[in-house]
Structure formats: C-alpha cells, structure tokens
Amino acid sequence: MPSHAQSQDHSTSTPVPPGPAGGDPLRRERDHLAASRAALRAMRADVEAMDISDVSGNWVDAKILAAAYEARIVALADLAGTPLFFGRLDYGHAPGADTAEGAEGESFYIGRRHVHDAAGDPMVIDWRAPVSQPFYRASRAEPMDVVLRRRFGYTGGELTAYEDEHLTDPAESETASRLLQTEIERPRVGPMRDIVATIQPEQDEIVRAGVTGTVCVQGAPGTGKTAVGLHRVAYLLYAHRERLARAGTLVIGPNASFLRYIEQVLPALGELHVKQATVDSLVAHVPVRGTDSAEAARLKGDARMAEVLRRAVRSGIRMPQEPVVVVRGSRRWRVPVYELEEIVRELAGRDIRYGAAHDALPQRIAHAVLVQMERAGEAPDDRVQDAVARNSAVKAAVKACWPPVDPAKLVLRLLSDAEFLAEAADGILDPEEQRTVLWPKPARGPASAKWTAADAVLVDEAQDLVQRTPSLGHVVLDEAQDLSPMQYRAVGRRCSTGSATVLGDIAQGTTPWATASWAEALQHLGKPGARVEELTRGFRVPREVIGYASRLLPQIAPDLAPATSVREAGGDFAVQAVPEGELEAAVLAACEKALGHEGSVGLIAADPDVPALSAALTAAGLPFLAPGEETSADTRLTLVPASLAKGLEYDYVVLAEPAAVVAAEPDPRTGLRRLYVTLTRAVSGLTVLHAQPLPEALAS
C-alpha cells in the first residue's frame with residue numbers, strides 16, 4: 001500500500017515551498033483542504049447573515065426558529081485540530097450513472113460533515129451518505145466500483161501524508177494501513193474521540209443497520225462497541241432525522257463519569273441534541289439514600305417483581321356494594337350494582353394501565369346514565385356526559401371501586417408491610433425471599449424513606465403500571481451486561497415503540513445480577529427478536545495485554561471466544577511482584593515511569609485502597625484527576641476505583657494489587673470479572689503490581 005508524506009515519518013511534516021502545486025499530489029490535497037475550510041466559513045457566514053426577525057407568525061414559532069438558527073451556526077463550526085476530511089474515493093464511474101465503457105468516474109472527499117462551494121457542488125461528503133459507504137466496506141474482493149481509496153494523515157489539523165489503495169490493481173499487494181494503525185494507536189488525552197476515520201467493515205454494518213430493528217453488540221474489550229453505538233446514533237439521525245427528531249434519541253451509560261468521557265463524540269460528528277442519562281437518573285422518582293445487600297438487590301431486580309407489583313397496584317380494586325344515584329334537576333338516575341360490577345370487571349380484564357382505567361371508569365358510569373336518559377326521551381350530548389362523570393356520586397363510586405395509586409407510596413407499603421407483600425408475592429416469592437426484600441425498619445413516609453437504587457426501579461415499574469411511560473425513537477444502552485431484569489424493563493419502556501442498540505460484554509458483567517445471556521436480556525428489554533452481532537477484533541488493547549486478560553475467560557465467561565488484537569505492537573507489558581509493605585512505593589514509581597510516555601495514565605486500584613493511594617500521590621506531589629475529568633498536558637494521571645473503570649481507556653495503566661480488586665466484590669466470579677475489566681483498559685502499556693498472590697489463572 002503506497003504511502004506518501006512530506007517526510008519519511010507520517011507523524012511529522014516539512015513545510016511545502018511556495019509556488020504552484022504542479023504535480024505535487026500532497027500540495028493539491030492541502031489546497032483542497034484550504035478551499036473546503038473557506039467554503040465552510042462561507043456557509044456559516046451565509047447563515048449568520050440571515051435576518052429571521054420577521055419571518056415567524058407568533059412568538060412560539062420565533063423561539064423554535066431562533067433555536068434552529070443557533071444550532072445551525074454551531075453545527076457549521078470548523079473545529080480546530082479536527083480534520084475536515086479524512087479520505088477520498090475515486091469511483092470508476094459516477095455513482096448512479098451508466099457504467100458503460102468510456103463513462104467518466106468521479107472523486108469524493110469523505111469527512112465528518114457535508115461542505116459545498118458557492119455553486120452548491122460538494123467539496124466534502126458526509127461520512128454517513130450512501131456514496132461514502134465504500135470507504136468503509138470496499139475491498140479487493142468487492143471493490144464496489146472504487147478504483148482508489150485514499151486515507152489522509154494529519155498532525156495538529158495539518159494534512160501531512162496520504163496513503164493509497166488501488167483496489168482494482170492486481171499487481172498491488174494487500175498490506176495493513178500504516179495511517180490506520182497510527183490513528184488507532186494515537187495517544188489518548190482528554191475525552192473519548194470519534195472513530196469515524198477508522199471504522200472497520202464489521203463495525204460499519206452495525207452502524208448502518210436499519211432504524212426499525214434492534215441490534216445487540218457483544219463486544220470484547222477494545223473492539224470499539226461504544227464508539228460503534230455512538231456512530232450508529234449519528235448515522236440514524238442523518239438517515240432518519242425527521243422521524244427521530246419527533247420521537248427523540250437517548251444514550252444510556254453506566255455512570256456519570258462514563259457519560260462525561262463520551263460526551264464529546266456526538267458533537268464532533270455534528271449531532272448536538274442527543275440526550276444522555278444513566279439508568280439511575282431515568283428512574284429518579286425518589287431520592288436514593290440507602291443501599292441494599294447484594295441478595296436484596298438481586299431479588300428486587302428479579303423479573304418476578306414485575307408481577308408482584310402488578311398485583312399490588314391492582315389490589316385496591318373492589319366490586320361496588322351499592323348503586324350510584326345521580327341527581328340532575330328534578331330527575332334521579334340510578335345505575336344498579338350489577339351494572340357497575342360489569343363495568344368494573346370489564347375494565348379490570350382489559351390490558352390497559354391502571355390510571356387509564358381509573359380515568360375511564362367515571363366516563364363508563366356516565367355513559368350508563370346517558371343510556372337511561374335517551375330511553376327516557378332526552379337528548380344528552382358530550383357535555384352532559386362530562387358533567388355526569390364529574391358528579392360527586394360518580395366520583396365516590398370510582399374512589400371506592402378503583403382508588404388512585406401513588407407509585408412511591410405503593411412500593412413503600414410493599415417493602416414495609418409484611419402482610420401486604422405476602423399477599424402480592426404469594427406463589428411468586430418464598431417466605432425467605434420476602435423477608436430479604438422487606439426493609440429492616442419501616443419508613444414513616446416516602447420523604448423519610450431510605451430508598452435504594454433497586455427500590456427506585458420498582459417505583460418506576462409501578463409508575464408505568466399506573467401511567468404508560470413515553471417511548472423514544474431510539475435508545476443506545478451501553479454496558480448493558482450489568483443490568484438487572486427490572487432495569488432492562490425500565491429501559492425497554494423507553495423504547496417500546498422505537499428501536500435500541502444494546503452494547504456490552506458478558507465477560508465484563510460485574511454485578512451479582514449481571515445477565516447470563518443476551519437472549520435473556522433482550523427478552524426482558526422487550527426486544528426478543530433483536531439481531532445479535534459479535535465483535536472480537538480488538539483495536540485498542542495490545543496483543544500481549546488482551547492475551548493475559550483472556551486467561552480469565554474460562555472462569556468468567558466460558559462460552560465467549562477470546563478477543564484478538566490487530567495491534568502490531570505487543571505493548572509495554574509487565575507483571576511485577578513486590579515485597580509486602582513496598583507496594584505503595586512501587587505504584588508511585590510505576591506512575592512516574594508511565595508519565596514519562598506521551599498520553600494519559602490511569603492508576604486503577606480496588607475501591608477500598610483508593611483513599612490511601614490518593615494520599616500517597618498527594619504527598620509525592622503527583623497531580624491526579626478523578627474518573628471522567630478531562631486530562632490536560634499538565635495533569636495526565638487519573639486515579640480510578642476499580643468499580644468505575646468500565647468503559648474508560650488510558651494509554652498507560654498501572655494496576656495495583658489484583659487480589660484486592662477480586663476481594664472487594666461480593667463473590668469470586670464477580671471479582672474476577674472486575675479484574676478482567678481493569679486489565680483491559682490500557683491502549684499502549686500495562687504494569688501489574690502485586691504483593692499478594694495473583695489469582696490462579698494469572699499466576700501460571
């Protein structure tokens with residue numbers, strides 16, 4: 001694969017002498033880049049020059065238009081240091097044109113957004129456009145009419161190199177792309193960046209999957225599953241913008257640190273209005289101030305709790321004991337008990353929300369009254385029916401037969417009242433399980449209760465049983481392997497009429513309730529027919545590192561295939577035993593050594609060990625950050641509790657005391673899975689330090 005640079009090193013460039021470009025291809029590409037940036041500035045200037053002060057009929061339309069106007073200006077920004085285009089496709093024939101011999105080809109520059117010149121002709125094509133797809137999919141076996149694929153190399157926003165693939169030239173040998181490898185291995189400083197220039201064919205198939213279907217991605221560490229999910233959102237918003245603008249999109253991550261880490265990816269791709277949330281923030285109907293034992297949390301997250309809650313919500317339904325008598329003027333209209341009972345039973349037997357049935361009941365009773373009025377020769381209309389539905393006698397009957405339910409108060413009673421729980425859980429939870437989920441000390445009310453995260457999910461379920469949760473158009477759920485069945489249900493409610501992209505790795509499930517299989521998880525999510533794709537080619541983790549971590553797979557996920565790494569370099573990898581009492585000093589020395597390299601450094605340790613390491617780093621004068629905080633040239637070290645390491649990545653990782661990471665979890669399997677996560681956060685180098693014996697799988 002021919003590569004061309006202004007110097008022999010792709011990472012540097014030499015100034016180009018002034019004068020006409022002539023036959024210098026690199027100079028011509030730089031000229032096109034300069035012209036494209038000028039065109040983008042002109043596009044933004046055209047928008048800024050628009051006068052929208054008198055084009056709206058009312059103040060609401062004016063506000064909406066102003067917001068769209070400001071968003072358009074932001075979207076047209078030329079991001080400093082971000083290449084405007086990263087590739088070029090030379091087609092043998094113009095796309096969509098006659099492919100007869102002699103037909104002219106056409107070239108397209110592929111970038112993060114569309115740019116056109118003053119005449120409207122494209123200078124850069126959005127990577128999501130159909131004409132851009134062969135940049136990711138074309139191969140020598142299937143060139144897709146692409147004669148040449150050119151990749152560009154940049155240094156600080158300046159185009160410094162290019163690399164060509166002549167896909168239809170049998171004389172050219174197929175070799176790995178050096179520019180692609182350089183981009184993958186580029187040091188990571190700051191938040192997560194997009195992978196739009198390095199998307200691989202198997203990733204692109206997932207990114208461009210249709211909007212109507214749900215896709216589940218089982219991805220080993222470093223396979224890019226999170227980036228694939230985010231780029232899929234960007235693609236869907238491009239291809240189905242109007243549909244998703246109405247319904248909305250949401251990215252759900254495991255914690256706030258993770259969301260801060262990924263929050264710049266979509267804006268860099270031109271998508272500024274995608275919401276982000278954690279599962280806990282989605283179900284924040286009550287303040288979480290307490291914690292559950294592992295067994296209590298597991299039981300509260302069990303799918304059986306959905307039926308317990310359904311019974312509890314409907315436990316207040318009562319058959320009428322007396323007729324309803326409605327007085328209007330001089331007339332009295334009587335609805336007998338048997339007719340009221342028929343209405344209540346019919347509503348109870350329908351598959352509708354409790355709250356919807358509660359709202360329908362007074363209208364149904366009022367309708368029965370109107371039937372009597374019509375038989376008596378009157379001609380009541382809808383206004384009369386509404387008036388009857390608001391009659392005090394009708395309201396009293398509704399309250400007696402179908403009392404309103406407050407979801408938080410209902411769950412509070414369920415977890416505080418052993419008799420009420422026993423009634424709702426009869427035949428579902430055994431007596432021991434019921435005792436486990438009950439609060440040790442009943443709360444006086446919702447405001448004073450020590451709600452746990454699992455309790456909040458129960459409240460969300462009860463809320464949905466009373467009133468249907470609105471559905472979004474598309475939801476991306478990352479690190480999905482850690483969710484309980486009840487959490488899956490909570491997420492599924494928010495895409496019940498839309499689609500989802502589910503991302504995770506069974507081997508990285510680190511909760512006691514972590515899912516055993518994607519089939520089970522998708523069933524709870526309400527998407528049992530979803531397509532499951534597996535990514536096993538790693539692009540982030542060095543070969544030696546992923547090989548070492550994969551020794552744990554037979555114990556933590558025996559059905560999964562080990563990941564492979566495309567990284568040519570093995571990585572800077574070391575496992576070092578240190579004498580008891582000298583671990584802290586060894587950790588500090590390892591951090592200082594790692595900081596001697598370019599890029600970010602993560603010090604990962606068991607959660608209980610973090611305070612002591614924090615004090616040691618401070619005493620040693622080593623500045624450090626918390627997970628999710630943005631690294632800078634001055635502060636590149638992050639101290640990471642093992643529980644927050646999932647989804648994060650650092651150029652160099654120092655892992656302190658693997659045995660402590662395992663011991664901090666409630667059971668050995670979860671501990672080994674947590675260790676697997678921490679071992680696979682490194683991009684360029686991993687140093688494992690231990691004073692205690694390593695787990696057996698890693699000791700050999």
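Predicted model: local features only at pLDDT ≥ 70, side-chain atom pairs only at ≥ 80, totals over all residues.
Visitor: How are helices H1 and H2 oriented to each other, roughly parallel or roughly antiparallel?
Guide: Start with the axes of H1 (residues 25-48) and H2 (residues 59-75), which come within 9 Å and cross at roughly 165°. Angles over 145 degrees fall in the antiparallel class. So H1 and H2 are roughly antiparallel.

Visitor: And how many charged residues are in the contact of H1 with H2?
Guide: H1 brings Met 43, Arg 44, Val 47 and Glu 48, while H2 brings Tyr 69, Arg 72 and Ile 73. The crossing itself is left-handed. By class, the contact has 4 nonpolar residues and no polar ones, and the number of charged residues is 3.

Visitor: Is the crossing of H12 and H17 left-handed or right-handed, and how many nonpolar residues does the contact have?
Guide: The crossing of H12 and H17 is right-handed. Val 308, Leu 309, Ala 312 and Val 313 of H12 meet Leu 410, Val 411 and Leu 414 of H17. With no polar and no charged residues there, the nonpolar count is 7.

Visitor: Which arginine is in contact with Trp 451?
Guide: Setting aside neighbours within four places in sequence, the partners of Trp 451 include Val 286, Pro 287, Val 288, Gly 290, Ala 408, Val 411 and Leu 412. Trp 439, Pro 446 and Val 459 are also in contact with Trp 451. The arginine among the partners is Arg 289.

Visitor: Is Gln 385 buried or exposed?
Guide: Gln 385 sits in helix H15 (residues 382-389). Beyond residues up to four places away in sequence, Gln 385 touches Gln 363, Ala 366, His 367 and Leu 370. The cut-off for burial is under 20% relative accessible area. At 17%, Gln 385 therefore counts as buried.

Visitor: What is the relative accessible area of Thr 223?
Guide: Thr 223 is in the loop between strand S8 (215-219) and helix H6 (225-239). Leaving out neighbours within four places, the contacts of Thr 223 are Gln 203, Leu 535, Thr 536, Arg 537, Gly 538 and Phe 539. Thr 223 is buried, with a relative accessible area of 1%.

Visitor: What is the phi of Glu 479?
Guide: Glu 479 lies in the loop between strand S13 (474-477) and helix H21 (485-493). Glu 479 is buried, at 3% relative accessible area. Its phi is positive, though the residue isn't a glycine, with a value near 55°.

Visitor: And Glu 657, is it buried or exposed?
Guide: Glu 657 is in the loop between strand S21 (650-656) and helix H27 (658-663). Glu 657 also has a positive phi, about 55°, without being a glycine. With a relative accessibility of 4%, Glu 657 counts as buried.

Technical notes. Residues numbered from 1 in each chain as written. Heavy atoms only, no water. Helix = DSSP H or I, 4+ residues; strand = E, 2+ residues; numbered from the N terminus. Buried < 20%, exposed > 50% of the residue type's maximum accessible area, 1.4 Å probe, protein only. Contact = heavy atoms within 4.5 Å. Left-handed = near helix turned anticlockwise from the far one by under 90°. Nonpolar A, V, L, I, M, F, W, Y, C, P; charged D, E, K, R; others polar. Axes fitted to C-alpha atoms, helices over the stretch in contact; angles between N-to-C directions. Parallel < 35°, antiparallel > 145°, perpendicular 65-115°, else oblique.
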